[in-house]
Amino acid sequence: MKVITKGGTQSTFAKELVALPTPCNDVVYYPAKLADLATEEGYTVFQTLSQKSGLAYLVVTKPRTAKIVLAGSKESINEVYQAIPWSTYEIADGDNKFDYKELPSLQALEDYFLHLKEQ
């Protein structure tokens, strides 16, 4: 698993989805509703998968940007995501479902990751 430390990535809107470029030169998509939550000073975290490279990513949305914070195998990213202690929510759009977690603050997530590194 690799920690991604670069700043936020420029996202673009594609219908009801936001396109987010990945470090593996692919594009992943997430619901525009998460971008709406982020503009309201909310923070969310979700996992996504590059169909091109097979790499999975843990992404944080924050006001006006999204940031990929971890990259790794689908299994390792899912394990980290599932262990994040905040409530999981779902956005349903027809047959598609998208899970995310709302964060109390960006600092809370950073503290959580620091605690993981120490273990």
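**Figure 1. Gly-54 in the loop between strand 5 and strand 6 of the predicted model.** Gly-54 is placed in the loop that joins strand 5 and strand 6; helices (H or I, at least four residues) and strands (E, at least two) are DSSP runs, numbered from the N terminus. With a relative accessible area of 38%, Gly-54 is partly exposed; buried means under 20% relative accessible area, exposed over 50%, and partly exposed in between (1.4 Å probe, protein chains only). Gly-54 and Lys-74 are separated by 20 residues in sequence, and their C-alpha atoms are 7.5 Å apart in space. The model is predicted, and local features need pLDDT of at least 70, side-chain atom pairs count only at pLDDT 80 or more, and totals for chains, interfaces and linings use all residues. Residues are numbered from 1 along each chain as its sequence is written, and side-chain values use heavy atoms, with hydrogens and water left out.

Figure 2. Ser-50 counts as buried because its relative accessibility is 1%. Its side chain makes a polar contact with the side chain of Asp-26 at 2.6 Å. The side chain of Ser-50 also reaches the backbone nitrogen of Lys-52, at 3.3 Å. A polar contact is a pair of N or O atoms within 3.5 Å; within protein, one must be able to donate a hydrogen and the other to accept it, and residues adjacent in sequence count only if both atoms are side-chain atoms. When neighbours within four places in sequence are left aside, Ser-50 is in contact (heavy atoms within 4.5 Å) with Cys-24, Asp-26, Val-28, Leu-55 and Tyr-57.

**Figure 3. The hairpin of strand 3 and strand 4, with Asn-25 between the strands.** Strand 3 (residues 17–21) and strand 4 (residues 27–31) pair in the antiparallel sense over five bridges; strands pair if DSSP finds at least two bridges between them. Val-18 has Tyr-30 in strand 4 as its bridge partner. Five residues stand between the two strands of this hairpin. Asn-25, in the loop between strand 3 and strand 4, has a phi near 65°, a positive value in a residue other than glycine. Most residues other than glycine have a negative phi. Asn-25 counts as exposed, because its relative accessibility is 63%.

**Figure 4. A nonpolar surface patch of Leu-17, Val-27 and Tyr-29.** These residues together have about 240 Å² of accessible area, as given by the Shrake-Rupley method with a 1.4 Å probe, where for residues only the protein chains shown count as cover. Patches are made of residues with over 30% relative accessible area and no salt bridge, and they join like charges within 9 Å and nonpolar side chains (Val, Leu, Ile, Met, Phe, Trp, Tyr) within 5 Å. A salt bridge is a side-chain nitrogen of Lys or Arg within 4 Å of a carboxyl oxygen of Asp or Glu. Leu-17, which lies in strand 3, counts as partly exposed at 36% relative accessibility.

**Figure 5. The hairpin of strand 6 and strand 7.** Strand 6 and strand 7 pair in the antiparallel sense over seven bridges. Two residues separate the strands, and Arg-64 in the turn has a positive phi of about 70°. Val-59 stands opposite Ile-68 in strand 7. Six of the eight residues of strand 7 are buried, so this strand is largely enclosed by the rest of the structure.

**Figure 6. Thr-61 and Thr-65, each viewed with Ala-35.** Thr-61, in strand 6, counts as buried at 1% relative accessibility. Its side chain makes a polar contact with the side chain of Thr-44 at 2.3 Å. From C-alpha to C-alpha, Thr-61 and Ala-35 are 6.9 Å apart in space and 26 residues apart in sequence. Thr-65 lies in strand 7 (residues 65–72) and counts as partly exposed at 23% relative accessibility.
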